[in-house]
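Me: I would like to learn how to read the features of a structure one at a time. Could you give the general idea each time, then the case at hand?

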Amino acid sequence: MPDLDFLHVSIADQMLYGFSCGHLRVRLPVSTARNGVGERNGSGCTPRGRHQVRARIGDGLPLGAVLRGRRWTGEVWNPDLHEQFPGRDWILTRILWLSGCEPGFNRLGPVDTFRRYIYLHGTPDSEPMGVPLSHGCIRLRNADLLDLFPRVPVGCAVQIEEAACPDWSSATLN
């Protein structure tokens with residue numbers, strides 16, 4: 001049963017912090033956009049501001065399941081498959097699809113996070129975490145996403161900020 005009600009993604013920290021009733025429950029390394037932050041369609045940037053999880057995709061799929069167009073291809077990522085498609089932006093295991101909550105900033109028109117297909121998703125374990133390398137999405141380790149996914153309900157609030165997390169980010173996990 002979902003227990004997290006708020007996710008905070010810090011671009012500076014390259015970390016995701018998950019909260020339940022104001023208590024830090026999860027701290028996970030991520031990889032945000034190589035192009036930095038920005039909201040415009042086609043920018044390849046990670047959008048800032050208030051978001052919510054609009055859809056959860058991939059429940060029940062195997063670890064490393066390859067998703068294209070938000071559907072499982074039937075493939076499971078492995079190094080041989082990676083060599084076959086060297087330039088592919090791998091979306092693996094699960095998708096938490098984000099929707100912006102701030103009209104004109106990250107919702108509607110040319111800045112719409114949902115229409116930009118911005119996700120929290122798994123990535124090959126060979127990809128580094130803590131380094132901005134994505135095409136706009138927020139990448140997580142597959143095992144971390146597998147643990148996080150059942151804890152995050154549709155509608156969960158997600159804040160994405162450039163700054164390092166406030167002091168509560170160093171709090172002890174409860």
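Reply: Start with the surface: the accessible surface of the protein chain comes to about 8200 Å², and 51% of that belongs to carbon and sulfur atoms. Such areas come from the Shrake-Rupley method with a 1.4 Å probe, and for residues only the protein chains shown count as cover. This is a predicted model, in which local features need pLDDT of at least 70 and side-chain atom pairs count only at pLDDT 80 or more, while totals for chains, interfaces and linings use all residues. Residues are numbered from 1 along each chain as its sequence is written, and side-chain values use heavy atoms, with hydrogens and water left out.

Me: What radius of gyration does the protein chain have, and what would a compact globule have?

Reply: The radius is taken over C-alpha atoms, and the globule rule is 2.2 Å times the number of residues to the power 0.38. For 174 residues a compact globule would have a radius of gyration near 16 Å; the protein chain has 15 Å, which agrees. Along the principal axes, the C-alpha atoms fill a box of roughly 45 × 40 × 25 Å.

Me: How many helices and strands are there in the protein chain?

Reply: Helices (H or I, at least four residues) and strands (E, at least two) are DSSP runs, numbered from the N terminus. The protein chain has 2 helices and 10 strands. From the N terminus on, their order is β-β-β-β-β-β-α-β-β-β-α-β.

Me: Which strands does E4 pair with?

Reply: Two strands pair if DSSP finds at least two bridges between them. Strand E4 (residues 49–57) pairs with E10 in the antiparallel sense over 4 bridges, and 6 bridges join E4 to E7, also antiparallel. On the E10 side, the bridge partner of Arg50 is Gln159; on the E7 side, Gln52 stands opposite Ser99.

Me: Where is His51 placed, and is His51 buried or exposed?

Reply: Buried means under 20% relative accessible area, exposed over 50%, and partly exposed in between (1.4 Å probe, protein chains only). His51 is in strand E4 and is buried, with a relative accessible area of 2%. For the whole protein chain, buried residues make up 49% of the 174 residues.

Me: Which residues is His51 in contact with?

Reply: Contact means heavy atoms within 4.5 Å. Leaving aside neighbours within four places in sequence, His51 is in contact with Leu98, Ser99, Gly100, Cys101, Asn106, Thr113, Cys156, Ala157, Val158 and Ile160. The side chain of His51 also reaches the backbone oxygen of Gly49 at 3.0 Å. Across the protein chain, among contacts between residues at least 6 apart in sequence, 65% join residues at least 24 apart.

Me: Which residues touch the most other members in the largest nonpolar core?

Reply: A nonpolar core is a set of buried Ala, Val, Leu, Ile, Met, Phe, Trp, Tyr and Cys residues joined through side-chain atoms within 4.5 Å. The largest has 22 residues, and Leu7, Leu16, Leu96, Leu98, Leu120, Leu148 and Val152 touch the most other members. Two or more residues come from each of strand E1 (6–10), strand E3 (23–29), strand E7 (92–100), strand E9 (138–141), helix H2 (142–148) and strand E10 (157–161). Apart from this core lies another, of 11 residues, among them Ala55, Ile57, Ile95 and Cys137.

Terms used: Polar contact = N/O pair within 3.5 Å; in protein donor to acceptor, adjacent residues only side chain to side chain.
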